[in-house]
Amino acid sequence: MVWRRSFKPASLLELCVFFLLFQGSVGLLWNAFDLEYWRCKLKRNNQCPDEDIKVWLYTPDKSYARRIHIHSPLTLQEQGWNPRHKSVIIIHGFNGTESKTPMTFIRDAYLNRRDYNVFTVDWEILTPFPCYLSAISNSRLVAQCSAQFYSYLTRSGATAQSVHCVGHSLGAHICGMMTNHLSEKMHKIIGLDPARPLVDRYGSRAFRLTRDDAHIVQVIHTNAGLLGETPQVGHVDFCVNGGRMQPSCRKEGRMIRQARCSHFLSSCFFAATISDAGSRHKAAPCTASCRPLPRGYGGRSFTVSMGHHTPETARGTYCIRMDDAQRCPFD
C-alpha cells in the first residue's frame, strides 16, 4: 500500500510543549542535551511481520503470555486459542507496553470474564519517551502488522463479529488505521482517549481513528483537548466526569501531570465496564462538547451503558459521572 504524506514538520515550540506536557517535569528538559536520550528508532520499511512488533495471547486457562507467530499455520491452536470464544486485540499507546498498567487492567478484566481470547500488540521498542514523532510514524507499520494478524485470525476461523480492537491513545489510532490494510471494515473499535498532540493538526483521516474505520466505533474521553482528542470521533462518544480533567488527578500538582493522569484513566474506566453486567455504568445524552443538555430536553432521561455493554445501535455523545477516588495506578 502507498501511504500519502500525512504530516507537516512540527515546530520546535510544539515539540517542547508536548515534551513538557507528557513528561510533567521541567527539570527533565536537561535530558534534551543528552544525545543517547534522543536515540529513537524510526521504521522505514513496510514489511510484516516485524520483530519489533509482537503479538501475545492470553487465555482464561493460561493467563501467561504466549507469542503468536503468524507464519506458523498451527500457532493459534498450539498456544491455546479457543475458536468458540470471542477475541479482543488490545494496543497500547505512546511510551507504553502491553505488560504494564493500565493495559493489564483491561487484559485481566477480559480474562476474568472467561469467554475471551485476549491478544495484545506490543510495540514498546518503537514508542519510547521522548520519541513521539518517530512513534507517530512507526504507528503506521504497527497498524499494518496488526491488520495482518487480524486477517490471519479471521482466516483461522474467527468471525469479524467476534473480534474487536481496543486501543489507548496512539493505540486507538492504530486500531483505526488497520482498516487501511483490510478489504472489509472491522466490526468494532473502542478508542480510549485517542491521542491528540500533533495528530489533530497534521493527521489526515487515513492516519487517525474515525467513525469510518469500523461498523461500530466507540470512544471514551477523559482528557479531551489536551492529550486526548475532542468529541465527536466515533459513532458514540462518552465523556467521563466532563471528559477533560479527572477529579482525582487534580492532586497531581501541575496541570501537565493532571493531564497525563486523566489520559490514562480512560483505560481504567473502560476496564471497570467489562466485568459489569451492563447496569452500573449508565450515561445520559449531552452536547458534542460534553456539556449537559438544557433542562427540559426530551431525551435527557434516556441512558445507555458505557464501555463493554454499549448497545451497537447507540449514537451521539453521552456524559457519565464515575467515582475515581480509587484510581488505578499506571507505570
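At what angle do helix α4 and helix α5 pack? They pack at about 40 degrees, with their axes 8 Å apart.

## Basis of the model

This is a predicted model: local features need pLDDT of at least 70, side-chain atom pairs count only at pLDDT 80 or more, and totals for chains, interfaces and linings use all residues. Residues are numbered from 1 along each chain as its sequence is written, and side-chain values use heavy atoms, with hydrogens and water left out.

Helices (H or I, at least four residues) and strands (E, at least two) are DSSP runs, numbered from the N terminus.

## The α4–α5 pair

Helix α4 covers residues 132–155 and helix α5 covers residues 170–177. Their angle makes α4 oblique to α5. Angles under 35 degrees count as roughly parallel, over 145 as roughly antiparallel, 65 to 115 as roughly perpendicular and the rest as oblique. Axes are lines fitted to C-alpha atoms, for helices over the stretch in contact, and angles run from 0 to 180 degrees between N-to-C directions. The crossing of α4 and α5 is right-handed; that is, the near helix is turned clockwise from the far one by less than a right angle.

From α4, Tyr132, Ala135, Ile136, Ser139, Arg140, Val142, Ala143 and Ser146 meet Leu170, Ile174 and Met177 of α5. Contact means heavy atoms within 4.5 Å. The residues of this α4–α5 contact divide into 8 nonpolar, 2 polar and 1 charged. Here Ala, Val, Leu, Ile, Met, Phe, Trp, Tyr, Cys and Pro count as nonpolar, Asp, Glu, Lys and Arg as charged, and the others, Gly among them, as polar.

Helix α5 is largely enclosed by the rest of the structure, because 8 of its 8 residues are buried. Buried means under 20% relative accessible area, with exposed over 50% and partly exposed in between (1.4 Å probe, protein chains only). His173 and Cys175 are among the buried residues of α5. The cover over α5 includes β3, α4, β5, β6 and α6 (199–202).

Ser146 lies in helix α4. Ser146 is buried, with a relative accessible area of 2%. Leaving aside neighbours within four places in sequence, Ser146 is in contact with Ile91, Val121, Ile174 and Met178.

## The sheet

The open sheet has 11 strands and mixed pairing, in the order β2-β1-β4-β3-β5-β6-β7-β8-β11-β9-β10. Two strands pair if DSSP finds at least two bridges between them. The edge strands, β2 (62–67) and β10 (304–305), each pair on one side only. Helix α3 (residues 103–113) packs on the sheet and touches β1, β2, β3, β4, β5 and β6. The direction of α3 makes about 175 degrees with that of β3.

Strands β3 (residues 86–91) and β4 (residues 116–122) pair in the parallel sense over 6 bridges. Ile90 stands opposite Thr120 in β4.

In β5, 6 of 6 residues are buried. Val163, Cys165 and Gly167 lie on one side, and His164, Val166 and His168 on the other. Strand β5 runs parallel to β3, with 5 bridges. It also runs parallel to β6, again with 5 bridges. Cys165 stands opposite Ile189 in β6, and Ile89 stands opposite Cys165.

In β8 (residues 236–240), 5 of 5 residues are buried. Val236, Phe238 and Val240 cover one side, with Asp237 and Cys239 on the other. Strand β8 pairs in the parallel sense with β7 (residues 214–221) over 4 bridges. Its parallel pairing with β11 (residues 316–320) has 5 bridges. Gln218 stands opposite Val236, and Asp237 stands opposite Thr317 in β11.
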